[in-house]
Amino acid sequence: MKQTSHITEQKNSSTACGEKKKKSKKSSFRSFAITTLSVIIALCAGVSLYCANAILSSGNAATDSSVKESANAVQREPAAPSLSVSDSLGEDFTRTLTVSCKNTDGTTEGLLCYVCPKEDTAPDTDSEWLDAASGTVALQLSAGSYSVYLANRYGKETVSDTVDIKVDAVTSLKLDLADPYMNVGMYDTLTVTLETVGAPDESLSWESSNSKVATVEDGLVTAVAKGRTTVTVSNPGGLSDSIDIIVTDLLRVPQITEYKPLLPAGQYSEAEGALIDRVLESRVATAGYGTRAGVVAAARFIPLEFNFKIPYFYENGRLDAQPDRPVCDGEGRFYHKGLYLTHSKFDVLDQSKILYGPATWGEPLTNWEDAFGLIPGAKYANGMTCSGFVSWCLINGGVPLGDIGAGDTPDYDYEYSDIGERVWLDEEVMRSGRIQVGDLIGCDGHIALVVGFDEENIYIAEALGKGIVIEVRERYREVWECGDYTYAMLMDDIYNEHGGTGNLTDMWKDYSDVINADTNN
């Protein structure tokens, strides 16, 4: 029993000793682990602290730099700009102003530039200024004095300088309104309107592309022969303007002659008739279509420029019906545009209102009237009656009043004696100046147009038994004492309802030198 007991004690003793050894190993490992972890934690903390200090130091340095830069920027001031103006002139008559910009410290950051007329001031808002951070601003400026402002974005410290832009140039060159159609022997001075700045050279050069048709010298164009040429005016700056001149020998220089042959039948081709119409249209347009002057231009054209006399034909009828007058078109009247010279004009007639025609001016036409020595059924050369001529002048001049007649016939509600303000002629009226070129003049049963005044005479365009002519009467006494004219119709209200006065002249251009030269030759 004791032996057994001994063995048991030994086992217990061995077991206790093994347990002590195990406990000793665990304790050593724990200490090592704790120590290692502490070292690692210490290292991490050190690294973190270092990084944090580095970041903090870097941030502080950047902040210090920014604060320092901002402080410097606020203290910057724009330096006085350097200005230069180009010698060359732009196509729009401007010069280039170059502004060299910098701050007083030599930098260009934040610079702004503003250029305006000297009397203006710079705006407060940045949006209206030009960015000058590149150090240069270039602007195209017309003539004038300008203020140049510089500022920067840090407090808008501004400086101003003044620059004068000088431009001596003709900015526009244009030929004034001129009639491009000329008859052989005509001459006319072309005028030019110049728009300028400064004190430029205003000299002009003239050239005709075909001097055999028309010559030009210092603006004076002289028509030499039938044809076409281009007249050009130019200046040293390279500006120019041109006009095409068409010279015709189908018409003559304006003149009153004692004798002019009656228009023969079929005198003109279609092309020639069309050209004469274009000349008439151009004369009216130059005077002012729809104006008093336009009507006068039409009234002067046939008796002064047309080579032949348009016959008088007592009307067969009118487009506007009258109690004792048939409705008729183109027989003793021609209430249409242009001259009634060629058969193509038949197309403009109202075919339903042709009584005995059609027949152009100068062609034989059956007469309807049994009065004034006329034989009904006999043929006479077609032409125009007095009111037919006045109606034609008005419609071609752009003031259409209708195909109406003359006189004070009680049964007619609308005649030329009803249009405008009537004044009875006497010396007081004739000296009053109330009667103007373009007013109507006549007596009961006759109407005509005043187309000219000079110091002594009045010139009256009318259709009478001897054809379409211009009558010349002493203006103060003879014109009313002769009995051919008893009243005038003042037409201001009528013309003012249309285009007004236009380019009115009391007389046409005097070509007596040309006429006398032709006569002497």
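This is a predicted model: local features need pLDDT of at least 70, side-chain atom pairs count only at pLDDT 80 or more; totals for chains, interfaces and linings use all residues.
1. Start with the overall picture. The protein chain contains eight helices and 24 strands. Of its 521 residues, 42% are buried. The chain exposes about 27,100 Å², and carbon and sulfur atoms supply 51% of that area.

2. Next, find the open sheet built from six strands. Their order is β19-β24-β20-β21-β22-β23, with antiparallel pairing. At the edges stand β19 and β23 (467-474); each has a single partner strand, so one side of each is left without a neighbour in the sheet. On average, neighbouring strands here are turned by 30 degrees against each other, direction ignored.

3. Zoom in on one pair of strands. β20 (residues 440-443) and β21 (residues 446-453) run antiparallel and are joined by four bridges. Which residue of β21 does Ile441 stand opposite? The residue is Ala448.

4. Now look at the helices lying across this sheet. Helix α3 (residues 292-305) lies across β21, β22 (457-464) and β23, and runs at about 95 degrees to β21. α4 lies across β20, β21, β22 and β23, at about 50 degrees to β21.

5. Finally, visit Asp403, in the loop between α4 (386-396) and β19 (421-424). Is Asp403 buried or exposed? Asp403 counts as buried because its relative accessibility is 3%, and buried means under 20%. Its side chain has a polar contact of 2.6 Å with the side chain of Arg333, and it also reaches the backbone nitrogen of Leu319 at 2.8 Å. Leaving aside residues up to four places away in sequence, the residues Asp403 touches include Arg318, Tyr335 and Ser391.

Methods. Residues are numbered from 1 along each chain as its sequence is written. Side-chain values use heavy atoms; hydrogens and water are left out. Helices (H or I, at least four residues) and strands (E, at least two) are DSSP runs, numbered from the N terminus. Buried means under 20% relative accessible area, exposed over 50%, partly exposed in between (1.4 Å probe, protein chains only). A polar contact is a pair of N or O atoms within 3.5 Å; within protein, one must be able to donate a hydrogen and the other to accept it, and residues adjacent in sequence count only if both atoms are side-chain atoms. Contact means heavy atoms within 4.5 Å. Accessible areas come from the Shrake-Rupley method with a 1.4 Å probe; for residues, only the protein chains shown count as cover. Two strands pair if DSSP finds at least two bridges between them. Axes are lines fitted to C-alpha atoms, for helices over the stretch in contact, and angles run from 0 to 180 degrees between N-to-C directions.
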